[in-house]
Amino acid sequence: MEIVKEYGYISMFIFNWLLLFGMPIPNEVAAAFSGVLTEISYFKPVYAFISAYLGLITSNTFAYFIGRFFGQKLLDRLSRTWLEKPIEKFSGFLQKHGEIAISFSFFLPGIRWAMPYVVGANKYPFLKYVFYAYTAGFVWMMVYFNLGRTFPYAYNSILNHLQGFLISLSVAVIAVLVARYLYKERKDRKRY
């Protein structure tokens with residue numbers, strides 16, 4: 001709070017920018033905290049939202065380019081291990097359903113952090129990435145920012161429950177995708 005009071009909107013930008021690079025605070029907390037600050041202090045909601053959103057998309061873009069320039073080497077190394085087939089499948093999924101994967105990733109804790117690196121490493125077209133990532137990021141930021149504004153004194157408790165729900169949803173989605181994959185593999189083996 002003291003840092004935000006001293007540096008204002010710039011601190012909201014930096015706080016949301018640094019989260020994608022491993023700061024040990026959930027992104028949801030940072031986005032909601034920016035909204036809380038507009039209710040309990042002198043910050044204007046529009047400027048606070050813009051600062052937080054710009055921090056989010058700037059870090060996301062930076063992560064995309066790290067993946068684009070350095071991620072291929074890592075993917076090449078991993079392709080020579082037992083991960084070869086999963087990497088090929090994910091790359092195919094990204095090429096076929098990239099828009100959905102990019103947009104949906106913002107709402108799944110953990111995946112939101114990794115997606116820009118993976119998308120960049122797979123050389124996904126930047127302008128398409130920007131369109132889907134920035135749009136999903138805007139919606140995501142709007143939800144959490146307004147959650148903080150609506151419940152400035154209870155947002156922490158709400159976020160804990162919401163994060164648990166999102167983690168459960170992520171696990172369920174991954175379980176369905178794995179089950180579908182295994183079913184398809186089994187079906188393909190029976191054909192041959």
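The model is predicted, so local features need pLDDT of at least 70 and side-chain atom pairs count only at pLDDT 80 or more, whereas totals for chains, interfaces and linings use all residues. Residues are numbered from 1 along each chain as its sequence is written, and side-chain values use heavy atoms, with hydrogens and water left out.

**Exercise 1. Describe the make-up of the protein chain: how many helices and strands does it have?**

Step one is to list the elements: the protein chain has eight helices and zero strands, where helices (H or I, at least four residues) and strands (E, at least two) are DSSP runs numbered from the N terminus. Step two is to look at burial: of the 192 residues, 37% count as buried, a term that means under 20% relative accessible area, with exposed meaning over 50% and partly exposed what lies in between (1.4 Å probe, protein chains only). Step three turns to contacts, defined as heavy atoms within 4.5 Å; among those with a separation of 6 or more, 79% come from residues 24 or more positions apart.

**Exercise 2. Work out how α2 packs against α3: what is the angle, and how far apart are the axes?**

Helix α2 (residues 9-18) and helix α3 (residues 27-40) pack at about 165°, with their axes 10 Å apart; axes are lines fitted to C-alpha atoms, for helices over the stretch in contact, and angles run from 0 to 180 degrees between N-to-C directions. The two helices are therefore roughly antiparallel, since angles over 145 degrees count as such, while those under 35 count as roughly parallel, 65 to 115 as roughly perpendicular and the rest as oblique. The residues that meet are Met12, Phe15 and Asn16 in α2 and Ala30, Ala31, Ser34 and Leu37 in α3. By class, this contact has five nonpolar, two polar and no charged residues, where Ala, Val, Leu, Ile, Met, Phe, Trp, Tyr, Cys and Pro count as nonpolar, Asp, Glu, Lys and Arg as charged, and the others, Gly among them, as polar. As for burial within α2, its buried residues are Ser11, Met12 and Asn16. Seen down the axis of α2, these fall within an arc of 130°, so they line one face of the helix; the arc is that of the directions from the helix axis to the C-beta atoms.

**Exercise 3. Now take α3 with α7: at what angle do their axes cross?**

The axes of α3 and helix α7 (residues 126-150) come within 6 Å and cross at roughly 50°, and the pair is therefore oblique. On the α3 side the contact includes Asn27, Glu28 and Gly35, and on the α7 side Trp140, Tyr144 and Arg149 are among the residues taking part. The residues of this contact divide into seven nonpolar, five polar and three charged.
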